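Let's take a friendly look at how charged side chains pair up in a protein. Keep the structure open beside you as you read.

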Amino acid sequence: MPHRALRNRSDWPRLAARALHAPSGLLLSREADGSVVERPFGEASLLPALRPLAARCMETVEPRASMGVLCAPICDAAGAVLGALAVGEAGRSFQQPEMALLRELGAGAAAEIAARNALVALRDSEERFRAMFDGAAIGVLVVDMDGRIVQSNSAYRAMVRLNDEQLRGLHFWKLNHPDDNPANMDLFRELAAGRRSAYRMEKRYLLHDGTVMWVHLATSVIRDGAGKPSFCMAMVENITGRMEMEQRLRHDALHDALTDLPNRTLFAERLAEAATRVDERGAPRPFAVYFLDLDRFKLVTDSLGHLVGDELLRAVAERLRACVNPADTVARFGGDEFVLLLDGVPDAAEAGRRAEELQAVLSQPVDLGGYEVFTSASMGIALSADAPGEPQHLLRNADAAMYRARAVAAERWAVFDQSMHNEALHRLQLETDLRQAVRRGEFRLVYQPIVELAAGRTAGWEVLVRWRHPVRGLVPPLEFIGVAEDTGLIVPLGRWVLHEACRQLAEWRAADPEGEPRFICVNLSARQFMDARLVDEVEAAVREHALPPGSLKLELTESTVMRDPASAAGLLRRLRGLGIPIYLDDFGTGYSSLAYLHQLPLDGLKIDRSFVQRAGDMAVVQTVVALARSLGVVVVAEGIEEPAQLEALKAMGCDFGQGYLFAKPMDPEAVAATLAMPVAVMA
């Protein structure tokens, strides 16, 4: 195809102008005698490329004939030789004008070649772009500056479930979720106005079938030669899976895995939001926080197993969720603790009414794999009005009220008042002081005689622990034993009591080697009894102080033993194997099962002081004595304070007794002074 310069003579001056800047050519003249004269025009560096072309042209004529050859290069824009134009004629001698013309033709040929190459490159580029556009794994979209879709690739069409005809000319915001359109349109307007060249965002598509799809959008503007925005190209990636995963992770981070209720973190967020709500008059909207702790939950797990316990927790969660309003929140804090945020609770009266409703719902039996379980909860309630501007304190207040409810009566509720906070602070300080007391050794032991009633002699002593606080003085056991039990400090404290009592008995035995055999009774708490190291600790204490069998007796309460009678029986047999007699303390105040009682390896029953000190209960004491006789164990009566009580017990055949009638608890020094003395009954 001839170059347009050969078809349009008006282009020649322009091409000639280009040729003037192109490298010059080569003129060859061959004389009749065969000699060749070379006349280069321009740069000598081009001669090696032009000579072969001129020589081939000259070879077309008989070698001995005279001939003229004119050769002009065809160069690209960088000056590299692409080829050449060569003209030869026998008997002809070319001059400068012909060279100028040939150079113009060479320039035209170069322009034609460049145009063809550019067209091929453009087509190749377009093909590559189309292949990348259509074959892209993510959606690609071209829209004009009015926001209408001009072109889309197959991935995008498959993503939005529309064909090319449905998409072409459609405004892109028609596909957006209405809630996400304002943010998207603001960014697009800034793009069209030239205030930004690109933007990225995550948004939702609302497809024609109602499906909501999350996408990541990266949009950039394409400008024309004048810098004016021409169209926009967007890459769209479906990120629904990622967003769902993120939402699941967030849900899991804010919800309890067992019940799917909100956890502490989410409850704290809801609590903070509730504190900012106002009513139609602009006043703070009232609400209440309920702290629930299930009653007897541990009994369920100990009896039926943790899997059944989990089922109970799920059932409780569903019941709580079903009996609150949509604006309310039910959360699980862990274990058997639940917390409720109830909207619109203005006062204690309404709080109590809602508490009764909750108790009624929880009191219904739950079928757990064939087991009908009844449950209830101790509830503490804190009203928002009690902590204005400090919602985080409501949890603390509700927790304190729950402890008050549990202490006063099970299965009840209590509304927080300031005295509960003071009690909580006192308990916290007591826990702190108690930990320091264990470390500093602020405890001491006292001993109350146990008297053999028939012989009137001291047979042994019950060991009691006392706390001498450096500031408060003597702290009553009833005040700190429960705290020690709750915090677990009872285990190291009990270990110290055991070893110190054995050491003290060994010291008394050494001081009175000829005296009658005496024993000590050490109380074991429920926490100590469950300690896996208990048997080893008892064996070590007895062996270290060389106490003979029967010198150390251990006392346990009914409730401790009856939590799991079968396991308790095994542990008691191991202790008795060490020569340690076992007494059941406070007998009659718990929930002993006579069916289990005869299976337990017991050596004695201790009758609680409440039965001894009430004249009307002496029949109960008589029954216990008879029961002990049938079991082959001894009986110890506590709380003997009057001679009439002593005489009645002796008449019943009670074996041992202790109480203020004989002696109050004594220091070790006082006990040592009475080792050789008979028992003196106090008036």
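## Counting the pairs

How many salt bridges does the count come to? A salt bridge here is a side-chain nitrogen of Lys or Arg within 4 Å of a carboxyl oxygen of Asp or Glu. By this rule, the count comes to 39 salt bridges.

Please keep in mind that this is a predicted model: local features need pLDDT of at least 70, side-chain atom pairs count only at pLDDT 80 or more, and totals for chains, interfaces and linings use all residues. Residues are numbered from 1 along each chain as its sequence is written, and side-chain values use heavy atoms, leaving out hydrogens and water.

## Two pairs involving strand β7

Find R204 and D180, whose side chains form a salt bridge at 3.0 Å, N to O. Because R204 sits in strand β7 (residues 198-206) and D180 in the loop between α6 (164-167) and α7 (181-192), this pair ties together parts that are 24 residues apart in sequence. (Helices, H or I with at least four residues, and strands, E with at least two, are DSSP runs numbered from the N terminus.) D180 is buried, at 12% relative accessibility; buried means under 20% relative accessible area, exposed over 50%, and partly exposed in between, using a 1.4 Å probe and protein chains only.

Next, R242 pairs with E202, with their closest N and O atoms 2.3 Å apart. R242 belongs to helix α8 (residues 240-254) and E202 to strand β7, so the pair ties together parts 40 residues apart in sequence. R242 is partly exposed at 38%, and E202 is partly exposed at 37%.

## A further pair and a network

R472 and E479 also form a salt bridge, with the closest N and O atoms 2.7 Å apart. R472 is partly exposed at 40%, and E479 is partly exposed at 24%.

Finally, look for D328, E350, R353, R354 and E357, which a network of salt bridges links.
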